[in-house]
Amino acid sequence: MKESLLQYLVCPECKASFDLAVEARDEQEIEQGKLHCQGCSATYPIIKWIPRFVGTDSYAESFSFQWKIHRKTQVDSLAGHGESRKDFAEKTALTKSELKGGLVLDVGCGTGRYVEIAASFGAEVIGFDLSYAVDAAFANMGRRAGIHLVQADLFKMPFRHAVFDAVYSIGVLHHTPCTREAFGCLPPLVKPGGVLAIWVYVWAGSHSMYLNRVRSITVSLPKPLLYGLCWVCVPILNVIARLPLIWKIALRVPISDQRRGLLWDVLDTFDSYSPRYRWNHTPSEVREWFETAHLEEVEALSNAVSVRGRRPRP
């Protein structure tokens, strides 16, 4: 943890500031220590360079599993591609001019693929996640200047309100117990004039219906078993999907076929079938969330369901 992060943190229970007790550090980061709440006297540990505001990864255990294996797969600079930069542009429309010199929050940062993009635009970025993917993110980029990582619960975030120039969440809110309630936690974090952008899964008719049927079985499977099955089934079903007469069989078990390689397809398929929660939404539904939160300049982007808006200035 960089000591400069302390100015943005508050107790997730009472919203008071923290006193910092350092137990081990180097010149850049605090490796181990404690955050003592000045209000309710709660204490939260700093373990392996990261402040931890949860004691478990709870319903996000599948992401802890997958991002330990795929630490580098989706990170542009480590995997030698530009997919994350492309996704970031399509799903948030956030630009360098909007982010440069600002404070940005990545809600559900995973291995830090989008943290890297926002930081490359000149922003100071805080990425947080409920899962132990934060350890993978720290290994990937935690040492870089202007990047902070936190393990925390979206429904009890340890951040000051109205301090972020931009808050974004890409492919995360629909993996919580209630997407709508998760979204409702975000607008207060955005400063007046700041931007909030999210992307959530769209309802895709029969595809979503078939996926949910299979998920009724897969979510209860041991994660290593399910991951192994993905390596077996994904290439087979991708071949079947291209064969005359029997191609419809593959539709009953939807799998990823993004033309980014087998590694991506296995990862994305596991990502579809393993999480405890996986909700789908419509553009009009999500737009209504933004309007109910009294955000302005609400815009539905080309990649459904991607929506962004701006917090009104006084």
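## A tour of the predicted model

Begin by selecting glycine 33, which stands opposite isoleucine 46 in strand E3.

Now zoom out to the whole chain, whose secondary structure comes to 12 helices and 11 strands. Its radius of gyration is 20 Å, close to the 20 Å that the globule rule gives for 314 residues, so the chain is as compact as a globular protein of that length. Along the principal axes, the C-alpha atoms fill a box of roughly 65 × 45 × 35 Å, and 51% of the 314 residues count as buried.

Next, turn to the salt bridges, of which a search of the whole structure finds 18. Select glutamate 13 and lysine 156, whose side chains meet at 3.2 Å, N to O. This pair links distant parts of the chain, with glutamate 13 in the segment before E1 and lysine 156 in the loop between strand E7 (147-151) and strand E8 (164-170), 143 residues apart. Lysine 156 counts as partly exposed, at 43% relative accessibility.

Move on to arginine 260 and aspartate 87, which form a salt bridge with their closest N and O atoms 3.6 Å apart. Here arginine 260 lies in the loop between helix H10 (247-251) and H11, while aspartate 87 lies in helix H3 (residues 83-92), 173 residues apart. Arginine 260 is partly exposed at 25% relative accessible area, whereas aspartate 87 is buried at 6%.

For another salt bridge, select arginine 259 and aspartate 257, where the closest N and O atoms are 3.2 Å apart; arginine 259 is exposed, with a relative accessible area of 66%.

Leaving aside its neighbours within four places in sequence, serine 272 is in contact with Leu211, Arg215 and Arg278.

Finish on the surface by selecting Val239, Leu243, Leu245, Ile246 and Ile249, which form a nonpolar patch with about 500 Å² of accessible area together. Of these residues, valine 239 is found in helix H9 (residues 223-240).

Note on methods:
Residues are numbered from 1 along each chain as its sequence is written. This is a predicted model: local features need pLDDT of at least 70, side-chain atom pairs count only at pLDDT 80 or more; totals for chains, interfaces and linings use all residues. Side-chain values use heavy atoms; hydrogens and water are left out. Patches are made of residues with over 30% relative accessible area and no salt bridge: like charges are joined within 9 Å, nonpolar side chains (Val, Leu, Ile, Met, Phe, Trp, Tyr) within 5 Å. Accessible areas come from the Shrake-Rupley method with a 1.4 Å probe; for residues, only the protein chains shown count as cover. A salt bridge is a side-chain nitrogen of Lys or Arg within 4 Å of a carboxyl oxygen of Asp or Glu. Helices (H or I, at least four residues) and strands (E, at least two) are DSSP runs, numbered from the N terminus. Two strands pair if DSSP finds at least two bridges between them. The radius of gyration is taken over C-alpha atoms; the globule rule is 2.2 Å times the number of residues to the power 0.38. Buried means under 20% relative accessible area, exposed over 50%, partly exposed in between (1.4 Å probe, protein chains only). Contact means heavy atoms within 4.5 Å.
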